[in-house]
Amino acid sequence: MSGSPARTIVVVGATSGLGHQAARRLAAEGHRLVLIGRNPSRTEHLRGELPSATVITADVATATGVSRASPRSRPAPTTSTR
Ligand SMILES: NC(=O)c1ccc[n+]([C@@H]2O[C@H](COP(=O)([O-])OP(=O)(O)OC[C@H]3O[C@@H](n4cnc5c(N)ncnc54)[C@H](OP(=O)(O)O)[C@@H]3O)[C@@H](O)[C@H]2O)c1
């Protein structure tokens, strides 16, 4: 990691382009990632590429997609107590 503490970072649009490059860089820096894209085959590929990340298939232009991506609809992450 580049000296900064690990953070939990959400990248919307992580399946291609700028978001994909950002996700790869942030993963290499050791951050906890929540990665979002619409295309199921691309999100499946992303799960294989960055297995430590939480990858969500959701269209955030829709209420259903926003709900699917919401932390309240997912199990709470394990947190550090230090
Ligand atoms: N590329 C550049 O040089 C550049 C420069 C300046 C600004 N920008 C801007 O930066 C943004 C990204 O550019 P890009 O070239 O990286 O685009 P891109 O390759 O088309 O990537 C778009 C990403 O956003 C996701 N996405 C789009 N709509 C979504 C939605 N409703 N819900 C969830 N995910 C969604 C796509 O997921 P799926 O593929 O799974 O659908 C994909 O991962 C654009 O707004 C672009 O105008 C780009």
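**Figure 1. Pairing of strand 1 with strand 2.** Strand 1 (residues 8–12) runs parallel to strand 2 (residues 32–37), and five bridges join the two. Two strands count as paired if DSSP finds at least two bridges between them. Helices (H or I, at least four residues) and strands (E, at least two) are DSSP runs, numbered from the N terminus. T8 has R32 of strand 2 as its bridge partner, and I9 is bridged to L33 in strand 2. Together with helix 1 (residues 17–28), strands 1 and 2 form a right-handed β-α-β unit. A crossover is termed right-handed if, with the strands pointing away from the viewer, the path from the first strand over the helix to the second runs clockwise. The model is predicted: local features need pLDDT of at least 70 and side-chain atom pairs count only at pLDDT 80 or more, whereas totals for chains, interfaces and linings use all residues. Residue numbers start from 1 along each chain as its sequence is written.

**Figure 2. Pairing of strand 2 with strand 3.** Strand 2 and strand 3 (54–57) are also joined in the parallel sense, here over four bridges. Within the pair, L35 lies opposite V55 of strand 3. In the protein as a whole there are three helices and three strands, arranged along the sequence in the pattern β-α-β-α-β-α.

Figure 3. The shell around the ligand holds 16 residues, of which G13, G17, G37, R38 and N39 come nearest. A residue is near a molecule or strand if its C-beta atom, placed from the backbone, lies within 6 Å of it. Helix 1 contributes three residues, the largest share of the shell, and helix 1 and strand 2 each supply at least two. By residue type, the shell comprises six nonpolar, seven polar and three charged residues. In this classification Ala, Val, Leu, Ile, Met, Phe, Trp, Tyr, Cys and Pro count as nonpolar, Asp, Glu, Lys and Arg as charged, and the others, Gly among them, as polar.

**Figure 4. The largest nonpolar core.** This core has 12 residues, namely V11, A14, A23, L26, A27, L33, L35, I36, L46, A53, V55 and I56. A nonpolar core is a set of buried Ala, Val, Leu, Ile, Met, Phe, Trp, Tyr and Cys residues joined through C-beta atoms within 7 Å. A residue is buried if 20 or more other C-beta atoms lie within 10 Å of its own, exposed if 12 or fewer, and partly exposed in between, with C-beta atoms placed from the backbone. Buried residues account for 18% of the 82 residues in the protein. A53 touches A27, L33 and L35, apart from residues up to four places away in sequence. Such a contact requires the C-beta atoms of two residues, placed from the backbone, to lie within 7 Å. Among contacts in the protein between residues at least 6 apart in sequence, 37% link residues at least 24 apart.

Figure 5. I36 belongs to strand 2 and is buried, because 24 other C-beta atoms lie within 10 Å. Residues up to four places away in sequence aside, I36 touches V10, V11, V12, A14, I56, A58, V60 and A69. The C-alpha atoms of I36 and T15 are separated by 7.4 Å, although these residues stand 21 residues apart along the chain. V34 is likewise found in strand 2, but V34 counts as partly exposed because it has 19 C-beta neighbours inside 10 Å. Beyond its neighbours within four places in sequence, V34 contacts T8, V10, T54 and I56. Between V34 and V12, 22 residues apart along the chain, the C-alpha separation is 8.4 Å.

Figure 6. L50 occupies the loop between helix 2 (40–49) and strand 3. L50 is partly exposed, because 19 other C-beta atoms lie within 10 Å. Not counting residues up to four places away in sequence, L50 touches A23, A27, L33 and L35. L50 and A23 are 27 residues apart in sequence and 8.7 Å apart in space, C-alpha to C-alpha.
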